[in-house]
Amino acid sequence: MDELGFEGTPVGYAPQPIATRSVAPHPVAAQAIGPAADPHAGVPSPTTTAPPARPVPAVRDLHDVMDTDALAVRMAQQVQRAHAAVVEAHRAISAWQLRRLGSPAPHGAPPQTPPEAASPPAVLAPAVPRQAPQRPAPPPKAKVPGAADYGRALNTLKAEWSAKMTGDARSAEPESAARTAAFTPPTTDWARLGGPAVVVRAAERRLRETGALTSGHVEVAWHELPPSGPVPLSSSCHPGGTGTPARCEVRDGDGRTLLTVSAGTAGSNVGERPGVPRYPREFKPPARTSVDRLTAGDLDALARGDVAAVLGSAFGQQHVAPGLRPEPWPERLLEEVSSISPRGGHWRQGLLTATTLPAGDGDDWPFTLEAVSEVLRVYLFHRGVHLCLPGAHAVPVPGGTARVELLGPLDGPLGLRVEISEAGWIPRPFVTADAEVTSAEGETVARLRDVGVALYGRPECEPLLHVGDAGIRLTSAGSPAYSTEMHMAHASEGDVAQLVAASGQLGTELCPVRPRLPRGDFLMIDRGVEVKQGTAADMTGAYGVTEYDMPSDPWYCRENGTRSVPALALMEISLQPAGLLSALTLGVALQHPDVPYVCRNLNGKGTLLRDADPRGTTVTQRLTVLSVTDLPGATLHRYRFELSTGGLPFYEGEALHGYFTQEVLDLQQGMDSGRRVPPWLDRQGTPPAGLRRVDARDDARLGTGRLALLEDLVLVPGGGDHRAGYMLCTKPVRADDWYFHHHFFRDPVMPGSAGVQMLFQQVQAFAVHTGLTGGLPDPELGLVTGEQLSWNYGAQILPEHQQVRGEVHIRKVTRKRDRLLIRADGSVWRDDLRIYHVRNIVLGSRPAGRKGGA
């Protein structure tokens, strides 16, 4: 009786024992509602003894606190209905018990099955899950006034009384009000619906049975990965109270809370969606397909694991043992997926439309959640992320909270519009989305927010990130990879403990600031193909081969003023594998574990070997360790690198990386041994002849978006060290500059390649604003084959610095017929310290009819 509040006893009144055939109304209630006939006359009930009436707390002056007559009427009405419901429950239990004993039911009582909440919890054997007995169908949604919500109403009255008597306006649901039940859903449900749907529907039914779920506005919060097969479950339902929503928690046999479903109120989940980021992340899929719609037959084939038959051979896993292939999907809910647009939607992360047909089983909001989740599962497979996981299967994102609003009846065919809001790899490949459900007439009948689905492998919480199964992912040549796109994502922004485990150094504790790969759109390495540690004791001779799938229209080409592959991209594609080889494969990241330890490129040189266009191809990255130097607090690795596509090299060079503790990194003094040497223009006594100022902020010919690296320019046509031309750029350092977020996680620093790219853009600006490109059949300038670029870095640019300045000295301009060639040198300043020096910056006009490329 605890769930009734006041232990079923109205204030100042002790009811007759339940064994009596009629319930005497409270005097005040009799005046308010008139005589009440006993609705259960003639129903035998077990004889019970009424508990003594609880003492009523003394009130100093009740009329100073509340209107006692109104309160008594309200309480009496609720208690009267509560007692009637209890007698009805006893009658149903008696009838059920008599049927079990083979005795006739009480006269006039129809056959009854006791509600699940009233049944004693079954004794379950957690080690050997069994099929649960058949449960009664969920109670109908039609509510009987005064019957289904009596517990919640009396709890509310009790809270109001307590608040007014004590002056405490807070209302907390008493723990004793929770209703707990243990159960094991039928084995057929696990196979048919899948673990997530079984758990969600169990919570929905429990809330509905207790009368706590009064609307279709709910929040579903997953705390753990759902079980994938039949296991014992238990639920605790809390009716809630004033300011506290009703909720149901579902636990597994080990007592872990799997999810919480909270009842909301109409409109409580409505809110403005987050805005689109300035530079939306472009999730790069492991495989690409031109398929943009799926029929029911296609969906059935995906569910069976015939992914290649639907999406193309790049999605197949015929080489994988059957036990490591994607697991079968639950029963299909979608009739078709009518469109898939990877760059569509509000956030430009993806847009899918689909149709579905409700099952009509009464589980309305769970059905909409499951249907949208199926769309997201389709999208994850459409992006090819299953290729990186053994036994790939879809689960709700742990730690995520989905919000569902039912705005109308779910009748007939329904349309789904699902907009991807985020996609990523950590801790496992996932997508989140918002969705709208519309009726055949086009009316919005449901709205969902923050629905998340992830793909996990088997085992789900494998600490080594499935490194041992990396061979399920194939390289471009069809050989097993030794690391996948998921491993690269973890190397850029994953948990340090997992990085340590994947390196085989279990038990090692690390400071979280470690050498990392860049992350997000700045990550330009996808798979490990081969690695050898070499034969020398100092690891000289070690080499690695990796691959990078360059998109057909990458952001750094779209946003480059010439739309060719910029120097920034070639440098990053060449140098990032060094971080993987040395920091992770050769174990440098595990050095100095108790202090911050970071990686910095110190110098390098690179040459474009041929006029290749690597867009839309797989770039093979080869790296060899030439020398290793160990110093106190630092390690230096020199490498030789080579980029190739189609089996032919197109870019090569060397680079020196340093791995530093913060104490050693702070010793950097720039390019002039710590001396403050100003730019050439600042050393001139008077303004040079021909000096012009140019605002380059909105000049799309030089760069847009993330590659809009120029702002305030000063141009001197005959200036500079060689009197052939000079450019100076000045811009502030902003803490929210895009590269600080991407380069690196927990260690934000401006990439040196961005400084080099700024100098290339200044050479481009010089050509544009001095008229050198006039009359050319193609005014776009790009890198020139056979020209070696070299760079040296003597310090770093961090978010707390104030200003970046870059200058270029034009060395020579060559114009022959329709060809233009410009050579220059340049430097970059951080505040008043020169920190970069770059030699042989060369740009030339493109050959006739040649667009893009490097």
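Colleague: In this predicted model, what share of contacts between residues at least 6 apart in sequence joins residues at least 24 apart?
Modeller: The model is predicted: local features need pLDDT of at least 70, side-chain atom pairs count only at pLDDT 80 or more, and totals for chains, interfaces and linings use all residues. Residues are numbered from 1 along each chain as its sequence is written, and side-chain values use heavy atoms, leaving out hydrogens and water. A contact means heavy atoms within 4.5 Å. For the protein chain, the share is 73%.

Colleague: How many of the 854 residues, in percent, count as buried?
Modeller: Buried means under 20% relative accessible area (1.4 Å probe, protein chains only). By that rule, the share of the protein chain's 854 residues is 51%.

Colleague: How many cavities of 30 Å³ or more does the structure hold?
Modeller: A cavity is a set of points on a 1 Å grid over the protein atoms alone, where a 1.4 Å probe fits but cannot get out. Of 30 Å³ or more, the structure holds nine.

Colleague: Which element gives the most to the lining of the largest cavity?
Modeller: Lining residues have an atom within 4 Å of a point. Helices (H or I, at least four residues) and strands (E, at least two) are DSSP runs, numbered from the N terminus. Two or more lining residues come from each of β15 (597–608), α16 (752–769) and α13 (567–585). With eight residues, the top giver is α13.

Colleague: Which residues lie nearest the centre of the largest cavity?
Modeller: This cavity has 30 lining residues. Nearest its centre are Cys599, Arg600, Asn601, His743 and Phe744.

Terms used:
Buried means under 20% relative accessible area, exposed over 50%, partly exposed in between (1.4 Å probe, protein chains only). On a 1 Å grid over the protein atoms alone, a cavity is a set of points where a 1.4 Å probe fits but cannot get out, and a pocket is an open set with protein on both sides within 12 Å along at least five of seven lines; lining residues have an atom within 4 Å of a point. Grid points are joined across faces, edges and corners, and a volume is the space filled by probe spheres set on the points.
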